[in-house]
Amino acid sequence: MPALVTDEQKLLLTSWLGPFTVVKDYSWPLQDTSVLHVSTPAGESFIVKASTTSHHIRREIAALTPGLPAELRGKASFLRHSSEAAGILVTEYLPGNPVEGSPAEHRPETYRQAGVLLARLHRPAGMSGEYPKKLAYQTRLLIRRAQGLLADATLRRASQELARLEPGPVQLVTTHGDYQPRNWLEDGGEVKVIDFGRADARPWVHDVVRLTHQQFLGRPVLEEAFYAGLGRRISRPETSIWHLENLNQALGTVVWAHRIGDAAFQQSGVERVERIVAMPSA
């Protein structure tokens, strides 16, 4: 077992699964998280995630504990065992290959199916007037932390855009939080979704931001296929929260990438901020 799995976590795994074998190690060293594909003598396969420090483990447990819609079994991660205190969870293994970097990443049908899946994942989680206020506050902090990482003129425009946005109460749903091809699998033409470590209650548009600034750029056919599967578009009343989500995520990318020393990812965040502040106003 990798060193990141503690003795307590090993004991829990054995009590839940009995004897098991590690098939493959998908661990995330930067996030201090062990991610293992394991199998049992009975032929069952599972994904194990364990960490002593990552809050993503606990967020995934919180997201999956209520259970996903039954029609998503076999298409999304389903929780089998977990311990929030020990920082470990076990989900059913989903066969398939990562969409990111494969031919499937460029097929419209992939995005149509991903849109259908997202519509099923998004379940109402109540109205909130506090969510946009909190997001605006976090974005102000990110602008301060981005001093020196973005051109002064860009930071000035970001501050002006933030001051202009006044989203009212928003409908929250159960978002995935990192919805993009790196968290999709393709299995015989069927798309599946994994990794709910960033799941939370947010406006539905949160889950479209990454795709908009990555796979949809210059590829309108992929965007059209996705929204056709999703069955909805961003409406005029949602424009303010949409702009705010874009600004927050882009600034967050710049600050986080700088902190971990990923220059290429930081530059992609810089380009995203510049693109966002140039977006048409609501």
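Modeller: A residue is buried when its relative accessible area is under 20%, exposed when over 50%, and partly exposed in between (1.4 Å probe, protein chains only). The model is predicted, with local features needing pLDDT of at least 70 and side-chain atom pairs pLDDT 80 or more, while totals for chains, interfaces and linings use all residues. Residues are numbered from 1 along each chain as its sequence is written, and side-chain values use heavy atoms, without hydrogens or water.

Biologist: Is Pro181 buried or exposed?

Modeller: Pro181 has a relative accessible area of 1% and is therefore buried. Its place is the loop between strand S8 (170-175) and strand S9 (184-187); strands (E, at least two residues) and helices (H or I, at least four) are DSSP runs numbered from the N terminus.

Biologist: Which residues is Pro181 in contact with, leaving aside its neighbours within four places in sequence?

Modeller: Contact means heavy atoms within 4.5 Å. With those neighbours left aside, Pro181 is in contact with Val99, Glu100, Glu105, Tyr111, Leu211 and Gln215. Gly101 is 80 residues from Pro181 along the chain, and the C-alpha atoms of the two are separated by 8.4 Å.

Biologist: Where is Thr33 found, and is Thr33 buried or exposed?

Modeller: The loop between strand S1 (21-25) and strand S2 (34-39) holds Thr33. Thr33 is buried as well, because its relative accessible area is 1%.

Biologist: How many residues does the largest nonpolar core have?

Modeller: In soluble globular proteins, nonpolar side chains tend to be buried together. A nonpolar core is a set of buried Ala, Val, Leu, Ile, Met, Phe, Trp, Tyr and Cys residues joined through side-chain atoms within 4.5 Å. The largest one here has 56 residues, and Tyr179, Trp184 and Phe226 have the most contacts inside it. Helix H8 supplies the largest share of this core, 8 residues. A second, separate core has 11 residues, including Phe46, Val48, Ile88 and Val90.

Biologist: What does Tyr179 touch, not counting residues up to four places away in sequence?

Modeller: On that count, Tyr179 touches Ala114, Leu117, Leu118, Leu121, Trp184, Val193, Asp207, Arg210, Leu211 and Phe226.

Biologist: At roughly what angle do the axes of helix H8 and helix H9 cross?

Modeller: Two packed helices are described by the angle between their axes and the distance between the axes. Axes are lines fitted to C-alpha atoms, for helices over the stretch in contact, and angles run from 0 to 180 degrees between N-to-C directions. The axes of H8 (residues 239-260) and H9 (residues 263-277) cross at roughly 155 degrees and come within 8 Å. H8 is therefore roughly antiparallel to H9; the class applies over 145 degrees, with roughly parallel under 35, roughly perpendicular from 65 to 115, and oblique for the rest.

Biologist: Which residues make the contact of H8 with H9?

Modeller: H8 contributes Asn246, Leu247, Gln249, Ala250, Leu251, Thr253, Val254, Trp256, Ala257 and His258, and H9 contributes Phe265, Gln266, Ser268, Gly269, Val270, Arg272, Val273, Ile276 and Val277. They divide into 11 nonpolar, 7 polar and 1 charged. Ala, Val, Leu, Ile, Met, Phe, Trp, Tyr, Cys and Pro count as nonpolar, Asp, Glu, Lys and Arg as charged, and the others, Gly among them, as polar.

Biologist: How do the axes of helix H4 and H8 cross, and which residues meet?

Modeller: The axes of H4 (residues 130-145) and H8 come within 9 Å, at a crossing angle of roughly 35 degrees. From H4, Tyr131, Pro132, Leu135, Ala136, Gln138, Thr139, Leu142, Ile143 and Arg145 meet Ile241, Leu244, Glu245, Leu247, Asn248, Leu251, Gly252 and Val255 of H8. This contact divides into 11 nonpolar, 4 polar and 2 charged residues.

Biologist: Which residues is Val255 in contact with, its neighbours within four places in sequence left aside?

Modeller: Val255 is in contact with Leu142, Arg145, Ala146 and Leu149, on that basis. Val255 lies in H8 and is buried, with a relative accessible area of 7%. Its C-alpha atom is separated by 7.5 Å from that of Gln266, 11 residues apart along the chain.
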